[in-house]
Amino acid sequence: MPEGTPATITSTLCLPPRGCLLGFDFGLARIGVATGEIETGLASPLATIALESSAARFDAIARLIEEWQPVALIVGLPRPLDGEGEHALEPHCRRFANQLHGRTHLPVHFADERLSSVEADYSLRDAGMRNWQARKKKLDAVAAQLILQHFLDTLRHATS
């Protein structure tokens with residue numbers, strides 16, 4: 001993989017034993033953000049960024065990075081359910097990851113995000129949020145949490 005491009009999770013993934021991670025569920029309308037800790041292996045929903053301009057989105061992300069001081073960033077990468085070909089949003093997510101890396105100079109890694117939004121919606125419904133409008137406001141941050149949790153779980157299994 002060329003230097004300076006986001007990496008995929010591999011057994012050679014170099015992360016410190018502890019530190020904060022920020023996870024992203026990228027969408028064309030909204031970006032869900034979650035935070036997690038390498039040492040505990042736990043992720044939590046953080047925010048949903050629903051700003052129109054790319055500059056405003058990256059300003060909001062910069063503020064979160066300033067506040068949380070992550071050691072790496074995790075971007076959900078959509079994959080087709082059958083594993084064949086490329087999901088329509090995949091090029092957008094890769095571009096977003098490249099922009100994150102270029103702006104922050106932090107390591108950026110991908111995590112499989114298949115069905116994370118569907119699972120997030122079920123989780124919110126199971127938690128008692130019956131109103132779609134209320135769920136929609138939290139959906140992307142919970143999807144980012146699931147993506148980051150999957151990354152942390154995979155990381156834990158890769159190092160054990």
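Trainee: Is Gln 69 buried or exposed?

Mentor: Before answering, note that this is a predicted model, in which local features need pLDDT of at least 70 and side-chain atom pairs count only at pLDDT 80 or more, while totals for chains, interfaces and linings use all residues. Residues are numbered from 1 along each chain as its sequence is written, and side-chain values use heavy atoms, with hydrogens and water left out. Gln 69 sits in the loop between α1 (54-68) and β5, where helices (H or I, at least four residues) and strands (E, at least two) are DSSP runs numbered from the N terminus. Buried means under 20% relative accessible area, exposed over 50%, and partly exposed in between (1.4 Å probe, protein chains only), so at 52% relative accessibility Gln 69 counts as exposed.

Trainee: What is the phi of Gln 69?

Mentor: Gln 69 follows α1, and its phi is positive although the residue is not a glycine. The value for Gln 69 is near 50°.

Trainee: How far apart are the end C-alpha atoms of α1?

Mentor: The expected span of a helix is 1.5 Å times one less than its number of residues. For the 15 residues of α1 that rule gives 21 Å, and the model agrees, because the end C-alpha atoms are apart by 21 Å.

Trainee: Within what arc do the buried residues of α1 fall?

Mentor: In α1, the buried residues are Arg 57, Phe 58, Ala 60, Ile 61, Leu 64 and Ile 65. Seen down the helix axis, they line one face of α1, because the arc that holds them (taken from the directions from the helix axis to the C-beta atoms) is 155°. Arg 63, Glu 66 and Glu 67 are exposed on the other side of α1, whereas the buried residues are covered by elements including β2, β3, β4 (42-49), β5 and α2.

Trainee: How many of the residues of strand β2 are buried?

Mentor: Cys 20, Leu 22, Phe 24 and Phe 26 point one way from β2, while Leu 21, Gly 23 and Asp 25 point the other way, and all are buried. Strand β2 (residues 20-26) is therefore largely enclosed by the rest of the structure, the number of its buried residues being seven of the seven.

Trainee: Which residue is the bridge partner of Leu 22 in β3?

Mentor: Two strands pair if DSSP finds at least two bridges between them, and β2 and β3 pair in the antiparallel sense over seven bridges. A hairpin of four residues joins β2 to β3, whereas β2 and strand β5 (residues 72-77) run parallel and are joined by four bridges. In β5 the bridge partner of Leu 22 is Leu 73, while in β3 the partner is Thr 35.

Trainee: What is the relative accessibility of Thr 35?

Mentor: Thr 35 lies in strand β3 (residues 31-37). Leaving aside neighbours within four places in sequence, its contacts (heavy atoms within 4.5 Å) include Cys 20, Leu 42, Trp 68 and Leu 148. Thr 35 counts as buried because its relative accessibility is 10%.
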